[in-house]
Amino acid sequence: MESMIETLFNTLDAKTKELQQDNGHSFIENLGLAMEDIYMNQREMLEQSTLSDRRKAFQFAYLSMLKEEMIQPNHQITPDSIGYFVSYMVKMFTEGVTDITILDIASGTGHLSATINEQNPDKSFQHALVEVDPVLARVSVHLANFLEVPFDIYPQDAMMPLQVDEVDVVVGDLPVGYYPVDERSHEMKLGFKEGHSFSHHLMIEQSVQGLKPGGFAMLIVPSQLFEYDRVEQLQQFIATETYMQAFLNLPKSLFKTESAQKSILVLQKKPLENSLPVEVLLANIPDFKDSQAMKKFLDEFNEWFEINRKNK
């Protein structure tokens, strides 16, 4: 018997391909329209499914689509293995808080936000998503309807002044490269005086600026973040504006090349009142399939978290 995830996936896949033949738009756009079609015309199917069923069906349909159509790297979605870990970090660093404002910067399809929402059912999130690509922004609108999760979506360049009030948490799977609008980067603390600035540096600055004092940023960044040229400016900004909490290298097995490897950077915007910095946790996250190693790592992480929370 077909599972609900399979039913939803097959329905999404078939509708996307049908739309593709009819209108010739990209698979990404038509997947969004397929979700909207189910939301509008097949409500019974949604009512019989869980949030997890719907998100996974979307994910499988998106990954299946990648085999059909070449897409740019920034259109990749954050995989579950990474999304689950970021969700866990959100849970830990907002322990005891149930109502949370959260900004997903460079949010793409909104899949990371959807994962965080699903993995923290005891918390009530007010989601703000910022995405400059109009196709991805529209897909995230359709995904929000499909999941019946309220997303406030801001279709804007994430480097420009944010239209979002300061939030408790910022998350993001940061695009890597150069930012072309020099006029804007020259206004920012992490902009280079000459030539194009690093977009991932500027996005770290925007993430910190978007936080309430004492709020946390959990950002997926290149593992070589602190090994690039002109890193002193970034290090000074982090030391001045934040307390760096952790830099966790994701398992190498998740990435095809060494240069593509990513880590999770956790920063706390300095609170208004005086508080002490924590001991920064520098660690390698083990392979997600190695359950024993993962349990050991989580035990060590939880111990570090408890010690540093007591010292705050």
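**Strand pairing and overall fold**

A: Asn249 stands opposite Asn284 in strand β10; strands here are DSSP runs (E, at least two residues), and helices are runs of H or I with at least four residues, both numbered from the N terminus. This is a predicted model, in which local features need pLDDT of at least 70 and side-chain atom pairs count only at pLDDT 80 or more, while totals for chains, interfaces and linings use all residues. Residues are numbered from 1 along each chain as its sequence is written, and side-chain values use heavy atoms, leaving out hydrogens and water.

Q: How many bridges join β8 to β10, and do they run parallel or antiparallel?

A: Four bridges connect β8 with β10 (residues 281-284), and the two run parallel. Two strands pair if DSSP finds at least two bridges between them.

Q: And which way does β8 run relative to β9, parallel or antiparallel?

A: Antiparallel: β8 and β9 (residues 262-269) are joined by seven bridges. Within β9, Leu267 is the bridge partner of Met244.

Q: Why is β8 described as largely enclosed?

A: Seven of the eight residues of β8 (residues 242-249) are buried, so the rest of the structure largely encloses this strand. Buried means under 20% relative accessible area, exposed over 50%, and partly exposed in between, with a 1.4 Å probe and protein chains only.

Q: Changing topic: where is Ala114, and is it buried or exposed?

A: Ala114 lies in helix α6 (residues 111-119). Ala114 is buried, because its relative accessible area is 2%.

Q: Which residues does Ala114 touch?

A: Leaving aside residues up to four places away in sequence, Ala114 touches Arg55, Leu143, Leu147 and Phe151. A contact means heavy atoms within 4.5 Å.

Q: How far apart are Ala114 and Gln261 in space?

A: They are 23 Å apart, C-alpha to C-alpha, and 147 residues apart in sequence.

Q: What about the whole chain: how many helices and strands does it have?

A: The protein chain has 11 helices and 10 strands. Buried residues account for 52% of its 312 residues.

Q: What share of the contacts joins residues at least 24 apart?

A: That share is 74%, taken among contacts between residues at least 6 apart in sequence.

Q: What box do the C-alpha atoms fill?

A: The C-alpha atoms of the protein chain fill a box of roughly 55 × 45 × 40 Å, taken along the principal axes.
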